[in-house]
Structures are given as C-alpha cells and as structure tokens.
Amino acid sequence: KAVALTNHNLTLGAEWRVRAYDDAAMTTLAHDSGWMRVYQRLFSTKSLSWRDPNFWTGGPNAEDLDGFTQQAIHLPSSAPFARYWSIEINDVTNPNGYIDIGRLFMAGGYQPSLNYSYGRNAFGVETDTRVTRALGGNKYFDRREPRRVSRIGWDYLPQQEALEKAFDLQRQAGIDDEVFLILKPGDLINLTRTSFLGRLRQLTALEQNVYRMASTGFEIEEI
C-alpha cells in the first residue's frame, strides 16, 4: 500500500524511483513507479502569487518544510506483491555529499470502507515546550519540537471489518510499535502535511451501537 522514506536529508531537487521484482536476479519487473520528485506539490496555484518562485510548480521552499519530518511517500495504484525491491535516489547536488535515510517504511495498509464520522476527527499539533515566568513577568521557553496528532473515529463500521482490521491493527501494534498514517491518500497537495510515522497513543475498544455495526477509533501521535 505504501513505501516511505522518513527523516532523510534529501534536497529539494532530489528524485527517487521504486521498483519491485519477482525474482532475485531482478529481471522480472512487478512494479515501477518511474522517477518521482521527493518533494511534491505543497501549495495550490490559487494560494500563491505569480511573483512567488514556486508559482508554477507549487513545490516547497526550504523554509516551508521547517518543522516537518522530511519524508518521501509513494502510493502504488495497485498493491504489488513482490519479494525483491529496489529504491534508487538521484540527488547529486546534495551539499552533505551523502544520503541519510532515517527509516524505510514498507507495509500493507488498512483503508476503512466508510469515511470517519463527522465530529469524531481532529488533526493538529502538540508540544512539550516548557514555559517559565520570571518574577518580573517575562516568559522564558524551553522549546520542544511540535508533533502532529490525529484522532479519527467511526460510529458505524461493519462489525466484521472492525474485528478483522481495526481490532487486529491495535492488537498487533499496541502502543509501542510503529504505524504510518496517511490521512487522505487522494489529497496529494496535503500529503506531506497530513502523513507521518507514529504510534497509537491509546487503544480503543470496539462498541456495538447497532446490529452488525461497530464503533471504534484511533489516536495516533507522531514520533
């Protein structure tokens, strides 16, 4: 369902390519993403002035990415099942002289059959920044990097789906294993904003509200 490189040092002009093969010799191609920009469009044309240097591409500038964990995300149109994979990176102008990838995340996924329930979803940032007030009234801050948090819930999911997908996901991941949240796969402009590597902050029991329908949800915190 998804291939992601997280916490990397790739530059704004970097490209990458993901290929999958059916054989160890890598001769039978099962999937080829083609060359992709690491940093996709981040702004709609309507939100930019024609004087902006990124008006035509909508891509980010370096300052636009401050506060984001740098990541590259590939969502295959179909889920290839292959044992052998190849990831190529083209970033010859990287001033560091090397490529640093914090994590490679490759996994299947769960996309609920129904949209989340309105009123049971929230997406924002939290921080552990400490504030101290001096006797004179001035505030001093011990800054901690803000992190993204998403809370999503469903009032009526088919009960079997809730057991096979939502329940099993929580059982396998617990609160210590990692998950990768892609909040809106079809919203490519906001893919960087609303996708992140995280953990389940708490586990949510399934509740049966009506016959053969279950209520559940996830709360995911960025790591």
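How many bridges pair S1 and S7, and in which sense? Select both strands: they pair in the antiparallel sense over six bridges (strands are DSSP E runs of at least two residues, numbered from the N terminus, and two strands pair if DSSP finds at least two bridges between them). A quick note before going on: this is a predicted model, where local features need pLDDT of at least 70, side-chain atom pairs count only at pLDDT 80 or more, and totals for chains, interfaces and linings use all residues. Residues are numbered from 1 along each chain as its sequence is written, and side-chain values use heavy atoms, leaving out hydrogens and water.

Stay on S1. Alanine 2 stands opposite alanine 107 in S7. Six of the seven residues of S1 are buried, so S1 is largely enclosed by the rest of the structure (buried is under 20% relative accessible area, exposed over 50%, partly exposed in between, with a 1.4 Å probe and protein chains only).

Next, pick asparagine 9, in the loop between strand S1 (2-8) and strand S2 (15-21). Asparagine 9 is buried, at a relative accessible area of 18%. Show its polar contacts (N or O pairs within 3.5 Å; within protein, one atom must be able to donate a hydrogen and the other to accept it, and residues adjacent in sequence count only if both atoms are side-chain atoms). The side chain of asparagine 9 reaches the backbone oxygen of tyrosine 98 at 3.1 Å, and one of its polar atoms lies 2.8 Å from the backbone nitrogen of aspartate 100.

Now for salt bridges, meaning a side-chain nitrogen of Lys or Arg within 4 Å of a carboxyl oxygen of Asp or Glu. The count comes to 15. Select glutamate 222 and arginine 148, whose side chains meet at 2.9 Å, N to O. Glutamate 222 sits in strand S15 (residues 213-222) and arginine 148 in strand S11 (residues 147-158), so this pair ties together parts 74 residues apart in sequence. Both are buried: glutamate 222 has a relative accessible area of 9%, arginine 148 of 5%.

Last stop: arginine 201 and glutamate 221, another salt bridge at 3.0 Å, N to O. Arginine 201 lies in strand S13 (residues 195-202) and glutamate 221 in strand S15, so they link parts 20 residues apart in sequence.

Note on methods. Helices (H or I, at least four residues) and strands (E, at least two) are DSSP runs, numbered from the N terminus.
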